[in-house]
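Here is a report on one protein chain.

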Amino acid sequence: MATISPTSDFVPPTAAPAAVPRVRDPRLDFYRGIAMFIILIAHIPNDPWARWIPARFGFSDATEIFVFCSGMASAIAFGGAYLKRGWWMGTARVSYRIWQVYWAHIALFFFVATSMAALDLSGAFDKSYVSSLNLQHFFNDPMPQMLGLFTLTYVPNYFDILPMYLVVLALMPLFLGLFTVGFWAVALASVSIWAVAQTGVLALPAEPWSQRQWFFNPFGWQLLFFTGFAFMRGWIPAPPVSKTLMWIAALFLVLSAPFGSWKVFLWVDAWNTDVAAEVRKVWPLTAELREKTDFGLFRYMHFLALAYLGWVIAGEKGERLVATGNGWLAQIWQVTLTLITKVGQQSLAVFVFSMAAARLIGVALDQSGRTMGTVLVANLIGFAMIIGVAYLAAWFKSQPWKAQK
(Lines give C-alpha, C1' and ligand atoms only; values in the text may rest on other atoms or scores of the structure.)
Protein backbone atom coordinates (compact mmCIF):
# COMPACT_ATOMS: atom_id res chain seq x y z
CA MET A 1 0.00 0.00 0.00
CA ALA A 2 1.42 3.38 -0.98
CA THR A 3 1.68 6.07 1.67
CA ILE A 4 2.11 9.83 1.62
CA SER A 5 4.52 11.60 3.90
CA PRO A 6 5.87 15.16 3.86
CA THR A 7 8.86 13.94 1.89
CA SER A 8 7.31 11.26 -0.31
CA ASP A 9 6.11 11.73 -3.86
CA PHE A 10 2.55 11.04 -4.88
CA VAL A 11 2.77 7.90 -7.03
CA PRO A 12 -0.54 6.38 -8.18
CA PRO A 13 -0.29 2.61 -8.16
CA THR A 14 -1.90 1.98 -11.51
CA ALA A 15 -1.66 5.12 -13.63
CA ALA A 16 0.88 5.11 -16.43
CA PRO A 17 2.61 8.31 -17.52
CA ALA A 18 1.29 7.87 -21.04
CA ALA A 19 -2.29 8.16 -19.74
CA VAL A 20 -1.74 11.62 -18.28
CA PRO A 21 -3.54 14.28 -20.36
CA ARG A 22 -1.09 16.83 -21.67
CA VAL A 23 -3.30 19.06 -23.81
CA ARG A 24 -6.75 20.53 -23.37
CA ASP A 25 -9.59 18.48 -24.76
CA PRO A 26 -11.55 20.62 -27.29
CA ARG A 27 -14.78 18.98 -26.12
CA LEU A 28 -14.14 20.23 -22.60
CA ASP A 29 -13.80 23.88 -23.63
CA PHE A 30 -16.64 23.72 -26.15
CA TYR A 31 -19.25 22.33 -23.76
CA ARG A 32 -18.09 24.51 -20.89
CA GLY A 33 -18.42 27.48 -23.23
CA ILE A 34 -21.99 26.43 -24.04
CA ALA A 35 -22.68 26.31 -20.29
CA MET A 36 -21.43 29.88 -19.87
CA PHE A 37 -23.91 31.20 -22.44
CA ILE A 38 -26.76 29.27 -20.81
CA ILE A 39 -25.76 30.51 -17.34
CA LEU A 40 -25.88 34.11 -18.58
CA ILE A 41 -29.39 33.63 -19.95
CA ALA A 42 -30.53 31.90 -16.76
CA HIS A 43 -29.34 34.79 -14.56
CA ILE A 44 -30.78 37.71 -16.52
CA PRO A 45 -33.90 38.57 -14.45
CA ASN A 46 -37.13 37.58 -16.21
CA ASP A 47 -35.38 36.76 -19.48
CA PRO A 48 -37.94 35.06 -21.76
CA TRP A 49 -35.10 33.07 -23.34
CA ALA A 50 -34.67 31.30 -20.01
CA ARG A 51 -37.91 29.43 -20.70
CA TRP A 52 -36.08 27.40 -23.34
CA ILE A 53 -32.79 26.53 -21.67
CA PRO A 54 -32.08 22.81 -21.02
CA ALA A 55 -33.19 23.12 -17.38
CA ARG A 56 -36.78 23.48 -18.60
CA PHE A 57 -36.69 20.08 -20.31
CA GLY A 58 -34.97 17.78 -17.86
CA PHE A 59 -33.55 17.21 -14.42
CA SER A 60 -30.04 18.58 -15.03
CA ASP A 61 -29.04 21.99 -16.34
CA ALA A 62 -26.00 24.17 -17.10
CA THR A 63 -24.81 23.86 -13.50
CA GLU A 64 -24.08 20.19 -14.09
CA ILE A 65 -22.12 21.03 -17.24
CA PHE A 66 -20.10 23.62 -15.35
CA VAL A 67 -19.30 21.32 -12.40
CA PHE A 68 -18.51 18.25 -14.53
CA CYS A 69 -16.28 20.19 -16.90
CA SER A 70 -14.60 21.90 -13.94
CA GLY A 71 -13.74 18.45 -12.64
CA MET A 72 -12.25 17.53 -16.00
CA ALA A 73 -10.31 20.81 -16.20
CA SER A 74 -9.03 20.28 -12.65
CA ALA A 75 -7.72 16.87 -13.65
CA ILE A 76 -5.61 18.59 -16.29
CA ALA A 77 -4.61 21.62 -14.23
CA PHE A 78 -3.93 19.94 -10.87
CA GLY A 79 -3.70 16.19 -11.48
CA GLY A 80 -0.36 16.56 -13.21
CA ALA A 81 1.04 18.58 -10.30
CA TYR A 82 0.21 15.75 -7.90
CA LEU A 83 1.75 13.17 -10.20
CA LYS A 84 4.94 15.05 -11.00
CA ARG A 85 5.62 17.09 -7.87
CA GLY A 86 4.08 15.07 -5.07
CA TRP A 87 1.12 15.49 -2.74
CA TRP A 88 2.31 18.62 -0.94
CA MET A 89 3.09 20.59 -4.08
CA GLY A 90 -0.11 19.41 -5.72
CA THR A 91 -2.06 20.57 -2.67
CA ALA A 92 -0.24 23.91 -2.80
CA ARG A 93 -1.36 24.29 -6.42
CA VAL A 94 -4.97 23.56 -5.47
CA SER A 95 -4.75 25.95 -2.50
CA TYR A 96 -3.66 28.75 -4.81
CA ARG A 97 -6.71 28.12 -7.00
CA ILE A 98 -8.95 28.12 -3.93
CA TRP A 99 -7.46 31.49 -2.98
CA GLN A 100 -8.25 32.87 -6.46
CA VAL A 101 -11.83 31.59 -6.47
CA TYR A 102 -12.45 32.84 -2.93
CA TRP A 103 -11.53 36.41 -3.80
CA ALA A 104 -13.44 36.19 -7.07
CA HIS A 105 -16.52 35.32 -4.98
CA ILE A 106 -15.93 38.24 -2.58
CA ALA A 107 -15.32 40.70 -5.43
CA LEU A 108 -18.43 39.53 -7.27
CA PHE A 109 -20.58 40.04 -4.19
CA PHE A 110 -19.34 43.54 -3.48
CA PHE A 111 -19.61 44.65 -7.10
CA VAL A 112 -23.20 43.43 -7.46
CA ALA A 113 -24.23 44.67 -3.99
CA THR A 114 -22.69 48.09 -4.66
CA SER A 115 -24.34 48.28 -8.07
CA MET A 116 -27.76 47.44 -6.67
CA ALA A 117 -27.29 49.99 -3.84
CA ALA A 118 -26.33 52.67 -6.36
CA LEU A 119 -29.48 51.97 -8.36
CA ASP A 120 -31.68 52.21 -5.28
CA LEU A 121 -29.99 55.42 -4.06
CA SER A 122 -30.48 57.06 -7.45
CA GLY A 123 -34.23 57.14 -6.84
CA ALA A 124 -34.85 56.64 -10.55
CA PHE A 125 -36.54 53.25 -10.26
CA ASP A 126 -39.88 52.07 -8.92
CA LYS A 127 -38.46 48.87 -7.43
CA SER A 128 -35.72 48.08 -4.94
CA TYR A 129 -32.93 46.18 -6.62
CA VAL A 130 -31.30 45.52 -3.27
CA SER A 131 -34.45 43.74 -2.08
CA SER A 132 -34.74 41.84 -5.37
CA LEU A 133 -31.57 39.98 -4.36
CA ASN A 134 -32.59 39.75 -0.70
CA LEU A 135 -29.60 41.91 0.27
CA GLN A 136 -31.49 44.24 2.60
CA HIS A 137 -30.21 42.27 5.60
CA PHE A 138 -26.63 42.99 4.56
CA PHE A 139 -27.21 46.74 4.34
CA ASN A 140 -29.46 46.97 7.40
CA ASP A 141 -27.06 45.10 9.69
CA PRO A 142 -23.69 44.84 7.92
CA MET A 143 -21.47 43.82 10.84
CA PRO A 144 -22.59 40.16 11.29
CA GLN A 145 -23.25 39.79 7.55
CA MET A 146 -19.73 41.01 6.76
CA LEU A 147 -18.31 38.37 9.08
CA GLY A 148 -20.60 35.75 7.55
CA LEU A 149 -19.62 36.77 4.02
CA PHE A 150 -15.91 36.24 4.63
CA THR A 151 -16.42 33.00 6.56
CA LEU A 152 -18.92 31.68 3.97
CA THR A 153 -21.68 31.40 6.57
CA TYR A 154 -23.58 34.13 4.71
CA VAL A 155 -24.13 32.97 1.14
CA PRO A 156 -26.97 34.79 -0.67
CA ASN A 157 -28.75 32.67 -3.26
CA TYR A 158 -27.38 34.54 -6.26
CA PHE A 159 -23.81 33.99 -5.05
CA ASP A 160 -23.90 30.30 -4.21
CA ILE A 161 -22.04 28.41 -6.93
CA LEU A 162 -18.51 29.64 -6.25
CA PRO A 163 -18.63 28.71 -2.52
CA MET A 164 -19.72 25.22 -3.56
CA TYR A 165 -16.80 25.07 -5.99
CA LEU A 166 -14.42 26.17 -3.22
CA VAL A 167 -15.38 23.30 -0.92
CA VAL A 168 -15.20 20.76 -3.74
CA LEU A 169 -11.70 21.96 -4.62
CA ALA A 170 -10.74 21.63 -0.94
CA LEU A 171 -11.75 17.95 -1.08
CA MET A 172 -9.27 17.26 -3.88
CA PRO A 173 -6.20 16.66 -1.64
CA LEU A 174 -8.23 14.13 0.34
CA PHE A 175 -9.30 12.24 -2.77
CA LEU A 176 -5.85 12.34 -4.36
CA GLY A 177 -4.46 10.98 -1.12
CA LEU A 178 -7.03 8.17 -1.17
CA PHE A 179 -5.96 7.30 -4.69
CA THR A 180 -2.68 5.99 -3.31
CA VAL A 181 -4.81 3.20 -1.83
CA GLY A 182 -6.68 2.67 -5.08
CA PHE A 183 -9.44 4.08 -7.21
CA TRP A 184 -11.96 2.03 -5.29
CA ALA A 185 -11.14 4.10 -2.17
CA VAL A 186 -11.83 7.34 -4.05
CA ALA A 187 -15.08 6.02 -5.49
CA LEU A 188 -16.25 4.68 -2.14
CA ALA A 189 -15.48 7.96 -0.38
CA SER A 190 -17.19 10.08 -3.04
CA VAL A 191 -20.35 7.95 -3.17
CA SER A 192 -20.50 7.71 0.63
CA ILE A 193 -20.19 11.47 1.10
CA TRP A 194 -22.88 12.00 -1.57
CA ALA A 195 -25.19 9.47 0.12
CA VAL A 196 -24.81 11.12 3.53
CA ALA A 197 -25.45 14.52 1.93
CA GLN A 198 -28.85 13.26 0.72
CA THR A 199 -29.94 13.01 4.37
CA GLY A 200 -29.31 16.72 4.99
CA VAL A 201 -26.74 16.05 7.72
CA LEU A 202 -23.97 17.83 5.79
CA ALA A 203 -26.00 20.94 4.96
CA LEU A 204 -24.16 24.25 5.50
CA PRO A 205 -25.77 27.43 6.92
CA ALA A 206 -26.40 30.18 4.37
CA GLU A 207 -27.50 33.09 6.57
CA PRO A 208 -27.41 33.86 10.31
CA TRP A 209 -31.03 35.05 10.68
CA SER A 210 -32.75 31.94 9.32
CA GLN A 211 -32.40 28.19 8.88
CA ARG A 212 -31.73 28.48 5.13
CA GLN A 213 -28.89 26.31 3.87
CA TRP A 214 -26.48 26.59 0.96
CA PHE A 215 -28.45 26.18 -2.24
CA PHE A 216 -25.66 23.96 -3.65
CA ASN A 217 -24.49 21.43 -1.09
CA PRO A 218 -20.84 20.78 -2.08
CA PHE A 219 -20.86 17.36 -0.42
CA GLY A 220 -23.57 16.25 -2.83
CA TRP A 221 -22.18 17.98 -5.93
CA GLN A 222 -18.65 16.63 -5.42
CA LEU A 223 -19.84 13.33 -6.90
CA LEU A 224 -20.30 14.95 -10.31
CA PHE A 225 -17.08 16.96 -10.06
CA PHE A 226 -14.96 13.91 -9.29
CA THR A 227 -16.75 11.88 -11.95
CA GLY A 228 -15.44 14.37 -14.50
CA PHE A 229 -12.04 14.34 -12.78
CA ALA A 230 -11.87 10.54 -12.92
CA PHE A 231 -12.80 10.38 -16.59
CA MET A 232 -10.16 12.92 -17.55
CA ARG A 233 -7.44 11.26 -15.46
CA GLY A 234 -8.23 7.90 -17.04
CA TRP A 235 -9.37 6.34 -13.76
CA ILE A 236 -12.69 5.51 -15.44
CA PRO A 237 -12.49 4.22 -19.03
CA ALA A 238 -14.37 6.06 -21.73
CA PRO A 239 -17.69 4.38 -22.56
CA PRO A 240 -18.01 2.59 -25.91
CA VAL A 241 -19.80 4.16 -28.84
CA SER A 242 -22.86 1.96 -28.88
CA LYS A 243 -26.17 2.44 -30.68
CA THR A 244 -27.88 0.65 -27.81
CA LEU A 245 -26.44 3.06 -25.26
CA MET A 246 -27.31 6.00 -27.50
CA TRP A 247 -30.95 4.89 -27.72
CA ILE A 248 -31.13 4.28 -23.97
CA ALA A 249 -29.68 7.73 -23.24
CA ALA A 250 -31.95 9.46 -25.76
CA LEU A 251 -35.10 7.70 -24.52
CA PHE A 252 -34.25 8.55 -20.91
CA LEU A 253 -33.85 12.23 -21.82
CA VAL A 254 -37.11 12.35 -23.79
CA LEU A 255 -39.22 10.38 -21.32
CA SER A 256 -37.92 12.29 -18.31
CA ALA A 257 -38.58 15.72 -19.86
CA PRO A 258 -42.11 16.17 -18.46
CA PHE A 259 -40.98 15.00 -15.02
CA GLY A 260 -38.06 17.39 -15.10
CA SER A 261 -40.54 20.15 -15.89
CA TRP A 262 -44.20 19.17 -16.10
CA LYS A 263 -44.92 22.45 -17.89
CA VAL A 264 -43.58 20.82 -21.04
CA PHE A 265 -47.00 19.24 -21.47
CA LEU A 266 -48.76 22.55 -20.98
CA TRP A 267 -46.65 24.36 -23.56
CA VAL A 268 -47.90 22.10 -26.34
CA ASP A 269 -51.61 22.63 -26.95
CA ALA A 270 -51.98 19.28 -28.67
CA TRP A 271 -51.35 17.38 -25.44
CA ASN A 272 -54.42 16.15 -23.58
CA THR A 273 -54.81 18.11 -20.33
CA ASP A 274 -55.55 14.85 -18.50
CA VAL A 275 -52.03 13.68 -19.32
CA ALA A 276 -50.58 16.89 -17.93
CA ALA A 277 -52.67 16.41 -14.80
CA GLU A 278 -51.25 12.90 -14.30
CA VAL A 279 -47.72 14.25 -14.66
CA ARG A 280 -48.44 16.85 -12.00
CA LYS A 281 -49.49 14.03 -9.65
CA VAL A 282 -46.21 12.21 -10.19
CA TRP A 283 -44.17 15.43 -9.89
CA PRO A 284 -44.03 15.55 -6.04
CA LEU A 285 -43.02 11.87 -5.88
CA THR A 286 -39.76 12.62 -7.70
CA ALA A 287 -38.85 15.60 -5.50
CA GLU A 288 -35.94 14.03 -3.61
CA LEU A 289 -34.54 12.25 -6.66
CA ARG A 290 -34.43 15.43 -8.74
CA GLU A 291 -33.52 17.71 -5.82
CA LYS A 292 -30.92 20.28 -6.82
CA THR A 293 -29.44 21.33 -3.48
CA ASP A 294 -28.05 17.91 -2.55
CA PHE A 295 -27.74 16.77 -6.19
CA GLY A 296 -30.42 14.08 -6.43
CA LEU A 297 -29.88 10.79 -8.25
CA PHE A 298 -32.11 11.67 -11.22
CA ARG A 299 -30.02 14.76 -11.90
CA TYR A 300 -26.88 12.61 -12.00
CA MET A 301 -28.46 10.05 -14.32
CA HIS A 302 -29.92 12.74 -16.58
CA PHE A 303 -26.61 14.52 -16.94
CA LEU A 304 -24.66 11.32 -17.64
CA ALA A 305 -27.13 10.47 -20.42
CA LEU A 306 -26.80 13.96 -21.85
CA ALA A 307 -23.01 13.91 -21.52
CA TYR A 308 -22.77 10.54 -23.25
CA LEU A 309 -24.70 11.80 -26.27
CA GLY A 310 -22.63 14.98 -26.34
CA TRP A 311 -19.45 12.90 -26.20
CA VAL A 312 -20.61 10.70 -29.09
CA ILE A 313 -21.77 13.65 -31.20
CA ALA A 314 -18.43 15.44 -30.78
CA GLY A 315 -16.59 12.43 -32.19
CA GLU A 316 -13.24 10.95 -31.22
CA LYS A 317 -11.04 13.66 -29.72
CA GLY A 318 -13.71 16.20 -30.75
CA GLU A 319 -13.10 15.73 -34.47
CA ARG A 320 -16.65 16.88 -35.33
CA LEU A 321 -16.00 20.14 -33.55
CA VAL A 322 -13.62 21.10 -36.33
CA ALA A 323 -15.13 22.73 -39.40
CA THR A 324 -14.19 21.19 -42.74
CA GLY A 325 -14.58 22.59 -46.20
CA ASN A 326 -14.23 26.09 -47.60
CA GLY A 327 -17.87 27.11 -47.92
CA TRP A 328 -19.41 30.01 -46.05
CA LEU A 329 -21.32 27.64 -43.74
CA ALA A 330 -18.05 25.98 -42.74
CA GLN A 331 -16.52 29.36 -42.07
CA ILE A 332 -19.45 30.45 -39.90
CA TRP A 333 -19.28 27.17 -38.00
CA GLN A 334 -15.53 27.60 -37.48
CA VAL A 335 -15.95 31.14 -36.13
CA THR A 336 -18.76 29.95 -33.82
CA LEU A 337 -16.63 27.09 -32.51
CA THR A 338 -13.69 29.41 -31.93
CA LEU A 339 -15.77 31.91 -29.94
CA ILE A 340 -17.52 29.26 -27.82
CA THR A 341 -14.23 27.49 -27.11
CA LYS A 342 -12.54 30.72 -26.08
CA VAL A 343 -15.35 31.40 -23.60
CA GLY A 344 -14.95 27.87 -22.21
CA GLN A 345 -11.21 28.31 -21.78
CA GLN A 346 -11.73 31.39 -19.57
CA SER A 347 -14.72 30.11 -17.64
CA LEU A 348 -13.96 31.62 -14.23
CA ALA A 349 -13.47 35.15 -15.56
CA VAL A 350 -16.49 34.79 -17.83
CA PHE A 351 -18.68 33.37 -15.06
CA VAL A 352 -17.88 36.14 -12.59
CA PHE A 353 -18.42 38.82 -15.23
CA SER A 354 -21.67 37.29 -16.50
CA MET A 355 -23.16 37.15 -13.00
CA ALA A 356 -22.52 40.88 -12.61
CA ALA A 357 -23.56 41.78 -16.16
CA ALA A 358 -26.79 39.76 -15.96
CA ARG A 359 -28.18 42.00 -13.21
CA LEU A 360 -27.41 45.15 -15.17
CA ILE A 361 -28.89 43.69 -18.34
CA GLY A 362 -32.02 42.95 -16.31
CA VAL A 363 -32.17 46.59 -15.22
CA ALA A 364 -31.92 47.70 -18.84
CA LEU A 365 -34.78 45.36 -19.78
CA ASP A 366 -36.87 46.73 -16.91
CA GLN A 367 -36.59 50.16 -18.49
CA SER A 368 -36.95 49.21 -22.14
CA GLY A 369 -39.62 46.53 -21.71
CA ARG A 370 -39.27 42.90 -22.61
CA THR A 371 -40.36 42.82 -26.23
CA MET A 372 -39.02 40.27 -28.67
CA GLY A 373 -36.65 42.86 -30.11
CA THR A 374 -35.28 44.24 -26.85
CA VAL A 375 -34.79 40.75 -25.42
CA LEU A 376 -32.91 39.70 -28.56
CA VAL A 377 -30.65 42.75 -28.42
CA ALA A 378 -30.05 42.38 -24.66
CA ASN A 379 -29.03 38.74 -24.93
CA LEU A 380 -26.81 39.32 -27.95
CA ILE A 381 -25.08 42.20 -26.17
CA GLY A 382 -24.55 39.89 -23.20
CA PHE A 383 -23.07 37.24 -25.49
CA ALA A 384 -20.74 39.79 -27.09
CA MET A 385 -19.59 41.01 -23.68
CA ILE A 386 -18.68 37.57 -22.32
CA ILE A 387 -16.84 36.78 -25.55
CA GLY A 388 -14.92 40.03 -25.17
CA VAL A 389 -14.10 39.21 -21.54
CA ALA A 390 -12.83 35.77 -22.57
CA TYR A 391 -10.42 37.28 -25.09
CA LEU A 392 -9.35 39.99 -22.65
CA ALA A 393 -8.68 37.42 -19.91
CA ALA A 394 -6.65 35.32 -22.34
CA TRP A 395 -4.66 38.39 -23.35
CA PHE A 396 -3.80 39.21 -19.74
CA LYS A 397 -2.85 35.59 -19.03
CA SER A 398 -0.45 35.65 -21.97
CA GLN A 399 1.49 38.43 -20.15
CA PRO A 400 2.23 40.38 -23.34
CA TRP A 401 4.23 42.96 -21.36
CA LYS A 402 6.99 40.41 -20.85
CA ALA A 403 9.85 40.37 -23.35
CA GLN A 404 9.44 37.61 -25.90
CA LYS A 405 12.31 35.16 -25.98
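## Helix 4 against helix 7

In helix 4, Tyr102, Trp103, His105, Ile106, Phe109 and Phe110 meet Met146, Leu149 and Phe150 of helix 7. By class, this contact between helix 4 and helix 7 holds eight nonpolar residues, one polar residue and no charged residues. The model behind these values is predicted.

Helix 4 covers residues 87–122, and helix 7 covers residues 142–151. Their axes come within 10 Å and cross at roughly 145°.

## Overall make-up

The secondary structure of the protein comes to 17 helices and zero strands. The protein has 405 residues, of which 47% count as buried.

Contacts can also be sorted by sequence separation. Take those between residues at least 6 apart in sequence: 75% of them join residues at least 24 apart.

## Helix 2 against helix 10

Helix 2 (residues 62–77) packs on helix 10 (residues 218–233) at an angle of about 45°. The two axes are 7 Å apart. That angle makes helix 2 oblique to helix 10. The crossing of helix 2 past helix 10 is right-handed.

Helix 2 brings Thr63, Glu64, Val67, Phe68, Ser70, Gly71, Met72, Ser74, Ala75 and Ile76 to the contact. Helix 10 brings Trp221, Leu224, Phe225, Thr227, Gly228, Phe229, Phe231, Met232 and Arg233. The residues of this contact between helix 2 and helix 10 divide into 11 nonpolar, six polar and two charged.

## Helix 11 against helix 14

Helix 11 runs over residues 243–260 and helix 14 over residues 297–314. Their axes come within 9 Å and cross at roughly 130°. The angle makes helix 11 oblique to helix 14. Helix 11 passes helix 14 in a left-handed crossing.

From helix 11, the contact takes Leu245, Met246, Ala249, Ala250, Phe252, Leu253 and Ser256. From helix 14, it takes Met301, His302, Ala305, Leu306, Tyr308, Leu309 and Val312. The residues of the contact of helix 11 with helix 14 divide into 12 nonpolar, two polar and no charged. Spacing along a helix matters here. An α-helix has 3.6 residues a turn, so residues three or four places apart point the same way.

## Helix 15: length and cover

What span should the 18 residues of helix 15 have at 1.5 Å a residue? Helix 15 (residues 328–345) should span 26 Å. Its end C-alpha atoms are 26 Å apart, which agrees.

The buried residues of helix 15 are Ala330, Leu337, Ile340, Thr341, Lys342, Val343 and Gly344. What covers these buried residues of helix 15 includes helix 1 (26–43), helix 16 (347–368) and helix 17 (372–397).

Leu108 sits in helix 4. Is Leu108 buried or exposed? At 4% relative accessibility, Leu108 counts as buried, because the cut-off for buried is under 20%. Leaving aside neighbours within four places in sequence, Leu108 is in contact with Phe159, Val352, Met355 and Ala356. Leu108 and Phe351 are 243 residues apart in sequence, yet 9.9 Å apart in space, C-alpha to C-alpha.

Pro258 lies in helix 11. At 9% relative accessibility, Pro258 counts as buried. Pro258 and Gly58 are 200 residues apart in sequence and 7.3 Å apart in space, C-alpha to C-alpha.

## Two residues with positive phi

Most residues other than glycine have a negative phi. Phe295 is not a glycine, but has a positive phi of about 60°. Where does Phe295 lie? Phe295 is in the loop between helix 13 (273–282) and helix 14. At 0% relative accessibility, Phe295 counts as buried.

Lys317 is another residue other than glycine with a positive phi, near 55°. Lys317 is placed in the loop between helix 14 and helix 15. At 66% relative accessibility, Lys317 counts as exposed. So Phe295 counts as buried, whereas Lys317 counts as exposed.

Note on methods:
Residues are numbered from 1 along each chain as its sequence is written. This is a predicted model: local features need pLDDT of at least 70, side-chain atom pairs count only at pLDDT 80 or more; totals for chains, interfaces and linings use all residues. Side-chain values use heavy atoms; hydrogens and water are left out. Axes are lines fitted to C-alpha atoms, for helices over the stretch in contact, and angles run from 0 to 180 degrees between N-to-C directions. Helices (H or I, at least four residues) and strands (E, at least two) are DSSP runs, numbered from the N terminus. Angles under 35 degrees count as roughly parallel, over 145 as roughly antiparallel, 65 to 115 as roughly perpendicular and the rest as oblique. A crossing is left-handed if the near helix is turned anticlockwise from the far one by less than a right angle, and right-handed if clockwise. Contact means heavy atoms within 4.5 Å. Ala, Val, Leu, Ile, Met, Phe, Trp, Tyr, Cys and Pro count as nonpolar, Asp, Glu, Lys and Arg as charged, and the others, Gly among them, as polar. The expected span of a helix is 1.5 Å times one less than its number of residues. Buried means under 20% relative accessible area, exposed over 50%, partly exposed in between (1.4 Å probe, protein chains only).
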